[in-house]
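I opened my notebook to work through one protein chain.

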Amino acid sequence: FIVPTMVRRLLIGKGSRSLITTFTAALIGSTARNTAVRATSTVAFVTVVPGCIRSRSTPKSRHIIGGTSSLGFAPFSSCPPPPSFLVSTSSSLRKMSTKIEEETKKKKRVLVPISDGSEEIETCCITDTLVRFGAEVVIASVKPGGELVCTMTRGVKMVADTTFSSAISENNEWDLVVLPGGMPGSEAFRDCEPLISLLQSRKSNNELYGAICAAPAIALKPHGLCPNGATCFPAPGLKEVMSDWSNEEVVVSGNVVTSQGPGTALKFALKLGGILYGEEKEEEIRKQLLV
């Protein structure tokens with residue numbers, strides 16, 4: 001059997017061994033259902049290059065080119081055309097490669113800061129939901145001294161992926177920055193100069209950011225980062241801080257998205273995902289989560 005490696009990168013490039021093994025097993029298995037395959041049968045992998053071909057065969061070290069034994073290279077014209085089903089398979093592999101590359105390019109990067117006293121339900125809802133959309137979510141600790149372990153509002157300990165300073169120094173290109181609520185976590189956000197600087201830059205460039213629960217009133221509002229008509233946790237002392245506070249569970253104000261608390265965190269995360277990936281994807285994830 002001759003398996004043309006029309007897509008060299010897929011069949012003999014990095015990570016190709018498992019693909020070749022699977023493809024070969026499928027080919028032999030398919031043939032075995034129709035004809036007796038002897039133990040001496042040879043499967044030849046042929047790499048097509050300009051003007052000639054090179055083959056590698058198994059299980060023996062002989063090369064099958066045009067039905068005869070050969071070594072190394074032979075003129076391309078000496079080879080019979082591959083069966084149509086193999087050409088079709090090569091076309092499918094090319095399409096699969098293109099799809100993988102497109103999906104990689106589509107992956108959105110999301111930064112989620114946390115600290116001691118951040119709200120755990122909100123943090124988990126934001127992170128889990130956006131990962132389901134396909135985003136790369138980085139949880140970054142704003143705690144001083146490079147401490148990654150944060151004790152959340154109800155005592156749950158969460159380990160951040162990295163420190164906030166490392167996150168923005170390694171790659172500061174984000175599709176979304178979103179702040180969970182909780183106290184005193186929201187105060188830590190308010191006092192974190194690099195975080196506030198990043199959010200101010202995003203506001204100036206009309207780039208997407210969001211906050212939920214206490215974070216809009218405590219972290220965003222003092223720095224002029226919370227638009228009129230936004231929402232936050234409906235508690236005395238927070239509502240009064242907001243300008244024209246909204247009772248809506250999730251509010252989209254241009255490039256800023258705000259929400260009220262743990263009970264609205266899933267809707268908040270779905271809305272953020274919808275903005276990043278579109279309404280069709282949002283509806284797909286919504287159905288998966290039974291919302």
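**Entry 1: a hairpin**

I began with strands S14 and S15, which form a hairpin with two residues between them. Gly-254 sits in the turn and has a positive phi of about 65 degrees. I note here that the model is predicted.

Next I looked up how the two strands pair. S14 (residues 250-253) and S15 run antiparallel, with four bridges between them. Val-251 has Thr-258 as its bridge partner in S15. For Val-252, the bridge partner in S15 is Val-257.

Then I checked the faces. Which residues of S14 lie on its covered face, and which on the uncovered one? Val-251 and Ser-253 are on the covered face. Val-250 and Val-252 are on the uncovered one. In S15, Val-256 and Thr-258 point one way, while Val-257 and Ser-259 point the other way. All four of these S15 residues are buried.

**Entry 2: the sheet**

I followed the hairpin into its sheet. What is the order of the strands in this open sheet? I wrote down S11-S8-S7-S12-S13-S15-S14, seven strands with mixed pairing. S11 (162-163) and S14 stand at the edges, and each has a single partner strand, so one side of each lacks a neighbour in the sheet.

I then turned to strand S13 (residues 209-212). S13 pairs with S15 (residues 256-259) in the parallel sense, over four bridges. Tyr-209 has Val-256 as its bridge partner in S15. Ile-212 stands opposite Ser-259 in S15.

S12 (residues 176-179) also joins S13, through three bridges, and these two strands run parallel. Val-177 stands opposite Tyr-209. Leu-179 has Ala-211 as its bridge partner in S13.

Are the faces of S13 covered or uncovered? Both are covered. Tyr-209 and Ala-211 are buried on one side, and Gly-210 and Ile-212 are buried on the other.

**Entry 3: the cores**

I looked for nonpolar residues packed together.

How many residues does the largest nonpolar core have? The number is 32. Leu-111, Phe-164, Val-177, Leu-179, Leu-195, Leu-199 and Leu-220 have the most contacts inside this core. Strands S8 (136-141), S12 and S13 each give two or more residues to the core, as do helices H5 (164-170), H7 (193-204) and H8 (215-220). H8 supplies the largest share, five residues.

**Entry 4: rings and charges**

I searched for charges over rings. Arg-109 lies over the face of Trp-174, at 4.0 Å from the ring centre. Lys-239 lies over the face of Trp-245, at 4.5 Å from the ring centre. For ring pairs, I counted one aromatic pair, taking centres within 6.5 Å.

**Entry 5: a loop glycine**

Where is Gly-155 found? I found Gly-155 in the loop between strands S9 (149-151) and S10 (157-159).

**Entry 6: the whole chain**

I finished with the totals. The protein chain has 10 helices and 15 strands. Of its 291 residues, 44% are buried. The chain exposes about 15,100 Å², and carbon and sulfur atoms supply 54% of that area.

Technical notes: Residues numbered from 1 in each chain as written. Predicted model: local features only at pLDDT ≥ 70, side-chain atom pairs only at ≥ 80, totals over all residues. Heavy atoms only, no water. Phe/Tyr/Trp six-rings, centres within 6.5 Å; stacked < 30°, edge-to-face > 60°. Lys NZ or Arg CZ within 6 Å of the ring centre and 35° of its normal. Buried < 20%, exposed > 50% of the residue type's maximum accessible area, 1.4 Å probe, protein only. Pairing = 2+ DSSP bridges. Core = buried A, V, L, I, M, F, W, Y, C linked by side-chain atoms within 4.5 Å. Areas by Shrake-Rupley, 256 points an atom, 1.4 Å probe, with all protein chains shown as cover.
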